[in-house]
Amino acid sequence: MKNLLNQKQMRSADAFTIKNKEILSVDLMESASRAFVKAFLQEVPEKATSIAILCGKGNNGGDGLAIARILKDSGYSGVSVYLVNFSAKETEEYTINLKRLEDLWFPLTAVNTAADLPDLKEKVIIDAILGSGLNAVLEGPYLQLVESVNALNRQVIAVDVPTGFPAEGPLKKEGVYLKADLVICFQRPKINFFFPESVQALKRFTVVPIGLDEEFIQNCDSPYRLIEGPDLTGLVKPRAPFSHKGTYGHALIVAGQQQTMGAALLSAHACLHAGAGLTTLSIPESGLTALNTRLPEVMYLDRADLIPEKTNKFSAIAAGPGLGTAEGSIAILQGLLKLKVPLILDADALNMMGDKPELLKQLSSGSVLTPHMKEFDHLFGDHDSWWERLETAREKALELGCVIVLKNQYTFIIDLTGKVTVNTTGNAGMAQGGMGDVLTGLIASFAAQGYTANEAACIACYLHGKAGDELAETQVSISASDLTGRVSKTLKGLIK
Ligand SMILES: NC(=O)C1=CN([C@@H]2O[C@H](COP(=O)(O)OP(=O)(O)OC[C@H]3O[C@@H](n4cnc5c(N)ncnc54)[C@H](O)[C@@H]3O)[C@@H](O)[C@H]2O)[C@@H](O)CC1
C-alpha cells in the first residue's frame, strides 16, 4: 500500500532524492513541472487556450514559471505569467526559473499589491501562488488576491495544492482557499484532500509521479496509507481445488425488523455473493417468507437461538442493519456481546451503543465498527473537523482493540494499532439507501472466510466501491441490489 506522507516527510523525501539521485533541486522542479504539464495536456488539450499562471515567490511559484516555459515549448500560444510579489524573499529555484523566462523575453506582469491584479481575461488560470509551504491562514494581500480570483469563476488548475489550503491538520469551516477545479498534485495526495471539507478548495485531484525516491517514501513511518487494486491482488485468495462450502466459513447476520427486513436481506445477499461458504440470517419470524422467496441459499436462525451453543459454529457474526433500537433490540445486542466473540457492528447496533456507551466496553477485541459520520459522533462525541474525527477514530481503535470503518466518500479503515487505510473507490451514484447494509454483509463474508478483521474491512470497502465504479460506467445511479449483483464479478478481477 502506498504510504501517505505529511509535508515534513515530503520535504525529507525531496532532500533524500536530491542527495541520493544526485540531481539538483531545480531539476526536480523541472521534473515536477513536466509531470504537471503532461497531466494538464489531458485536461486542456486545445493549444490555443489562453492561460494565466499566477506565481508566488516560493517553489510553488518556481513550478509555475517552469510550467509557463514548458507549456510554451509544447505549443500553447496564449500563456501569460503574473508575478505575485507579496514577499521580499524568493527561493533559488524561483530565481533560476524567472531568469530562464526573462532570457526568452517571456512577457511577465508584476502584481505587487492585490489591487494590481489586472482584469484577467484568460480562460484557464494556473494557481502557483502558494503550495505546500503554507504555514498560516491567508490574510492581507494574499487573501484579497484569492478572493478576487475566486470571484472570476474561471477554470482553475492548481499546482500541487490550492493556495491557502493546508495539506494536513484541522480544516476550518470558514477557511478561504483558492477554489480549484483540479489539483495536479506531486507524488502523493495531501491527507486533507480526503476530508469532505476539501470541497471548499477543490473539486478533484490527480497525482503525478515526479521522481521522488519511492523506497524512502515507503519506509517513512506514516499512520496513513492508500489501498489500491494491486494491493488486493496478493491478498484475495482464489477458490482452492477440492474445497467445499465448509472451506469458506459460515457467517451469521443478525438484522431486520418487520418494517426493515430489506436491510437484513441486502446484507445477507451481499455476504452470499462475496463468497461465504454458508450464510445464516437471524430475523424476526415474520420475515421468513421474504427470506425463502428472495434468498433461498440463506439459512434462518431464530432470535431465541442467539446463544453460545447455537452460535459457536459461526466464523463471523455481524449485527445491526435494520435491527431497531427498542428494548428487544437492546437485549439482542447485549446477548451478542455476552458471546465474547468479535462482532461486526453497523447501523442500529452502533446507535444503541451510542445511547448506552457502557456497551462499548463489552466489545471483544478484533470487532469491526462501521459508522458513518453521525453514528461516529453519537458513539464518540461531536467533532469540529474530519481531521479531529479521524484522530479520535485512531485513539478509539487502539483503546477498544477494534477496527473502525469510518464511512464517507473516502472511507477510512483504522486498524487495531491506529493505522489508517484510505479507500478511494466509490462514487456519488452509490449514494442510495442500503449501501451500508451491503458493506456490512461483505465484511461479514470476508471475516467468515478467514481474513483478519482489518483485511476483511479493507477488501470489502475496496470491492464495494470498485463494483460501484464499474457500474457507474453505464449507470447514473446504483442500487444496493445492483451492487450486490456485481461484486462477485469485480472480485474475480482482483484475484491473481
Ligand atoms: N517534493 C515536492 O513535493 C516538490 C515540491 N515542489 C513545489 O514546492 C512547493 C513548496 O514550496 P515552498 O516550500 O517554497 O513553499 P511555497 O511556495 O508553498 O510557499 C512559499 C513561501 O510562502 C510563505 N508563506 C507560507 N504561508 C504563508 C501565508 N499564509 N501567507 C503568506 N506567505 C506564506 C512561506 O514563508 C514561504 O516562504 C510545493 O507545493 C510544490 O509546488 C516542486 O518544485 C518539486 C518537488
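The shell around the ligand in this predicted model divides into 14 nonpolar, 11 polar and four charged residues; here Ala, Val, Leu, Ile, Met, Phe, Trp, Tyr, Cys and Pro count as nonpolar, Asp, Glu, Lys and Arg as charged, and the others, Gly among them, as polar. In total, 29 residues surround the ligand, and the closest are Gly58, Asn59, Asn60, Gly131 and Gly133. A residue is taken as near a molecule or strand if its C-beta atom, placed from the backbone, lies within 6 Å of it. Two or more residues of the shell come from each of helix H1 (7-20), helix H2 (25-43) and helix H3 (59-73), and H3 gives the most, with five residues. Helices (H or I, at least four residues) and strands (E, at least two) are DSSP runs, numbered from the N terminus.

Residues are numbered from 1 along each chain as its sequence is written. Because the model is predicted, local features need pLDDT of at least 70 and side-chain atom pairs count only at pLDDT 80 or more, whereas totals for chains, interfaces and linings use all residues.

An unreviewed UniProt entry annotates Asn60, Asp127 and Thr163 as "binding site"; UniProt positions are given in the numbering used here, feature names are shortened, and annotations may be inferred rather than shown by experiment. Although these residues are spread over 104 residues of sequence, they cluster in space, with a largest C-alpha distance of 9.4 Å. Asp127 is placed in strand S5 (residues 124-128). The unreviewed entry also assigns "domain: YjeF N-terminal" to residues 10-218. This span is 36% helix and 20% strand, and its end C-alpha atoms lie 11 Å apart.

A further "binding site" annotation in the unreviewed UniProt entry covers Lys407, Asn408, Gln409, Tyr410, Thr411 and Gly436. These residues span 30 residues in sequence, yet no two of their C-alpha atoms are more than 13.8 Å apart, so they gather at one spot. Thr411 is found in strand S17 (residues 411-414).

The domain assignment of the chain, whose bounds come from an automatic or database source, gives domain 1 (2-222) and domain 2 (230-494). Their C-alpha centres lie 41 Å apart. Eight residues from domain 1 and eight residues from domain 2 form the contact, two residues being in contact if their C-beta atoms, placed from the backbone, lie within 7 Å. The side of domain 1 that touches domain 2 comprises six nonpolar residues, one polar and one charged.

Helix H11 (residues 327-338) packs against helix H12 (residues 347-355) at an angle of about 90°, with their axes 10 Å apart. Axes are lines fitted to C-alpha atoms, for helices over the stretch in contact, and angles run from 0 to 180 degrees between N-to-C directions. H11 is therefore roughly perpendicular to H12, a term for angles of 65 to 115 degrees, while those under 35 count as roughly parallel, those over 145 as roughly antiparallel and the rest as oblique. Ser329, Ile330 and Leu333 of H11 meet Asp348, Ala349 and Met352 of H12 in this contact.
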